[in-house]
Amino acid sequence: MSDTPLLEGKNLSKTYHLGQSDIHVLRGASLQLFEKQWITILGTSGSGKSTMLHLLGGLDRPDSGGGVVLFRGDDVWSRSNKQINQYRNNDIGFVFQFYHLLPELTVLENTMLPAMVGGSNISTLEARDLASSLLDQLGLQHRRIHRPRELSGGERQRVAIARALMNSPSILFADEPTGNLDEETGNEILDVLSQLHQDGLSIVMVTHNTEIASRGDLIVHLRHGQIESPATMA
Amino acid sequence: MYQTLLTTRYLTSRVIPLIAVAAVALCVALVIVVVSVMSGFLNMVQSAGRTLMGDVVISYGISGIPHYEELSHRLENDPNIQGASPIIDGWGLLRMPYPDTDAKKSVTVQVWGIEPESFARVTQFDASLQWKTTSSNQLHWLLIDVCTKHSETLFASMDAQNRESCLNLINDASYLLKHQQLDLWNELKSIVGQEIWEMILSHDERLSNSDAVFQQGLTLSRNGRDAIVSGLHVSDGNVRQKDGTYQVVRNDYWWLPRFDGTLTMLPIDARGGIIDPESVIMPFANEFQSGVFIIDESRIFVPIGVTQRLLHLDAAEIVDSDDPTIILGVDPARSTSVLVRGIEGVPAEQLRTIVNGIYDEFRASLPADTLVMPPTRSDPGLTINTWQEQQRSFTGPVEKERELMRTLFSIVYLVVAALILSIFWSIVYEKTKDIGILRSVGASRGGIVWIFLQYSLVIGVAGALLGLLIGWLITKNINLIHTSMGNPPAILAVVSFVIAGCIAVYTVTKSRSGLLLPFVLGSIGFVVFCFIGGIVLYIKHIGGLVIWDASVYYFSVIPNQVDWPSSIFTMVGAVVFCLLGALIPAAKAADTDPVEALRHE
C-alpha cells in the first residue's frame, strides 16, 4: 500500500434538521482507505454508518465546515457538479441494501447504465459486451433479458454489483449489501466481494453484523457519529 | 442515450402515458373543432356578404342618387370593374297568398328593387335562384290554375258532358294532388283534345318550357308581368328537410310561383314625411336562397321600376310652386345604392379608391345647369363602402363572438396545462427513486430533466397529432354528426342497452369475489350505457332534436372546414404546455438530493 490514501474522510460532520431539533449524525468522523484495502464500517442502526458512506461516495454533502472527502488527495465536495457526477460515474461504484435497480430496464441494460450515463468513451456494443461478461462472471448469463422483478434477491444484488463494476471503479461502496438477503445468499454475495477484493478492488462496506464485518481488512466502529477504533483484521 | 432508452421504456410499460396522450388529444380536438366552426362561420358570413352585394357599395340614404344610370354606365366602362348595378333598398309589407281563408298573412320584407341583368353581373343572383326547372307536381298545379282561371273560355267549345268531366277532373285533382301523385297531365290532354290543350299551354309559358321558371326569375317577370323573387324562407310553404333540401308543403300546393302577392311600401317626401302607402299586386316568379338565413327570410327582389314608383323615386316633373302649369324641368329617377363588382384580383380597398374617382368624374361631368345634382362626396349622407364595411354591423358581432370563444378557450388551454402538469407531476413523482438511482451512477440534473422532456415531447406530439385527426374527422363530418345526434338511429339505443346488460351480468359475476374495482368500473359502465340508450329513446320520443337552428345561426349548414392556422397554433400550444408541464416537476425532482430520492418509496 502506498502512503497516500486513495480516499480520505477528514473530520466529517453531518447534521439533519428535523423540525425544531437537529440530529448530529456524524461528529467529526475520519477514515482513510488505501489502494486494494477493504474497510468495514461497523455500527448499530442509526450510528451514522450509511451517512458516512454517502458522504464518502459523493451522494451527500458534509455540513458546511464539516470536514472534507479527499479522493486521491483531491477534495470531492469542492469540485464542480459535473466533476462530482464524473466521480460517481467513473471513480466509484455503489451497492445498496435494496439493490436499487431500474424496474423498466432489463438486467443487461441495468448493468450497462453507468456506461450509458457516462456517455462514455466506449461504444454501445462494447458496453454491451462488457456488461455481458460481467454478468457471466457473476453467474447471471441466463438472466440478461429479464426484468429485476423476475429475479431473486441474491440475483438482484449481483446485478447491482455488476452495475457498480461497469465503469471499472477504484472503490466499491457497499451499504449493508446482505441486509436484505438470507444467510446463504448473503454469504454468496460476500464471496463475490471477497473475490473482487482479491482482484485488487478497494471496498468500503457498511454493516451492523460483526461476522460479516470480519470479511474486510479493517473494521472501524462508528458510535455516536465518531470513529472509535480502527482494527486491522488480516 | 440512456434518456432515449428510459423514455421509450417509460412510455411503453405504463398506462398513464396513454391517458396523458388521450387527455391532450381530446383537448386539442375540442379547441380545433370549436375554432374551426367559428372561423368557418365568419368566413361564410363574409363570403355571403360579398356574393350578395358585390365589392363596393355607393349609397345615398332614402332620397337616392339622381342620374344613377350615367354613374352605372361610367362605372361599367372602367376596366377594373366587372359590373355595376343600381338598386333601391327599402322596407315593405308583403301580403302572402296563404292561408286559404281571406285573412291572409302579411310579412315585413326588405325590398330590393334591382335591374336583373346588371344585378346578375354584380352578384351571383342566377346561382341563388331556387327553382331551376318545374317539377311534375308544380306543372300539375299550374295546369289546375290555368284551367280554373280560364275554364269558361277554354271549355266553351266542348260538349256539356266532356266539359263536365273536365271540370270534375280538375276539381278532384285540386283536392287529391295535395296528398298523392297524379297523372293529370296525360289524363287532361286525352280528354280536351289537341286544340284546347294548346290553348291551355299558351296561357302559361312554364307549362311548355321547363326552363321558363328560371328565366322568369332571372328577368323578374312572369308571363309578361313584373314579378317578385322572394327569399326561400319568406314563404312558410317551404320546409327544410333533415337532409338540407327543401320541400313545399302539400305536394307543392304552396309553391309560391303559382301565386300573386301584394307589396305595400311607404314613400317618403323630401322633408322626410310619409306620403300615403302605395301598393301593387305582383306575381311571384321564383325564389332565391343566399345561404344567409336572415336574408333568405326577409329579402325580396322586384324590378327597380316598381320600387321607384312605390317610393316615388321615379322621374317626375318639377313644377313652379306658384303656378303648377309651368314645368321647370324633370326630377330624374333615383336609386338608393349602386353595387359595384371589381374584376378578379382587385382588392376591395383599391376598388373603392377607383370608385371614388369615378364618382367625382361623374358628378363633374354633369352640366352646370343640371336641375338636380347628385350629392358631393363630402355629403355625410353619401357613403362609398367596401362590402366588409357595409357588412360590419352584421359581421362585427360574429367576429366578437369568435374572439369571445377564443378567450373562453384560452381558459380551456389553462385547464389543459393544469391537466398536463398534474399528470406529469404524478409521473415524475412516481419515478423519484429512479432519479435517485440515476444520480447515484453519475447522471447530471440536465440529463434527468431531458428524460422527462423527451417523454413529454412524445406525449405532446402524439396527443396533438391524434387531436388533429379527431378534430379533423369531427369537423369534416359535423353536419352528419349533427343530423345523427338530432335523429339517432334506434339501433343505437338497442346496442347501448345490450352492452349495459352485458356489463351488469359481468359486474355481478366479478363482484362475488368481493373485489371493489370491478364493481365500481362495472357500475360506471352500466350507468353510462343506460344513459346513452335513454337519451336516444328520449330524442326519438320527442321526434328528433335540432341543435343547429338555422334561424339562430344564419346558415342552414354548419361550417366544416378545418381552420389550419388555428389548428397548428393549438397543436404547438399543446406541445409547449406538455413540455412546461414536465419541465417543472422534472427540474424539481432532479434537484432532489440523491440520498433522499433513493429513500423515496
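I take a charge to sit over a ring if NZ of Lys or CZ of Arg is within 6 Å of the ring centre and within 35 degrees of the ring normal. With that in hand I looked up Arg299(B) in this predicted model, and I found its charged end over the ring of Trp112(B), 3.8 Å from the ring centre.

I then turned to Arg258(B), whose charged end sits over the ring of Tyr253(B), 4.9 Å from its centre. I noted that Tyr253(B) also belongs to a cluster, in which ring pairs link it with Tyr98(B), Trp141(B), Trp254(B) and Phe259(B).

Next I searched the whole structure for aromatic pairs, and the search returned 20 of them over all chains. Phe71(A) lies in strand β4 (residues 68-71) of chain A and Tyr87(A) in helix α2 (residues 81-91) of chain A, so the pair ties together parts that are 16 residues apart in sequence. I recorded Phe71(A) as buried at 4% relative accessibility, and Tyr87(A) as buried at 0%.

Last, I looked up Ala597(B), which is found in helix α25 (residues 594-599) of chain B and counts as buried at 0% relative accessibility. Which residues does Ala597(B) touch, not counting those up to four places away in sequence? I listed Thr432(B), Lys433(B), Gly436(B) and Thr592(B). I also noted that the C-alpha atoms of Ala597(B) and Tyr429(B) are separated by 9.9 Å, although the two residues are 168 residues apart along the chain.

Key. Residues numbered from 1 in each chain as written. Chains lettered and ligands numbered in written order. Predicted model: local features only at pLDDT ≥ 70, side-chain atom pairs only at ≥ 80, totals over all residues. Heavy atoms only, no water. Phe/Tyr/Trp six-rings, centres within 6.5 Å; stacked < 30°, edge-to-face > 60°. Helix = DSSP H or I, 4+ residues; strand = E, 2+ residues; numbered from the N terminus. Buried < 20%, exposed > 50% of the residue type's maximum accessible area, 1.4 Å probe, protein only. Contact = heavy atoms within 4.5 Å.
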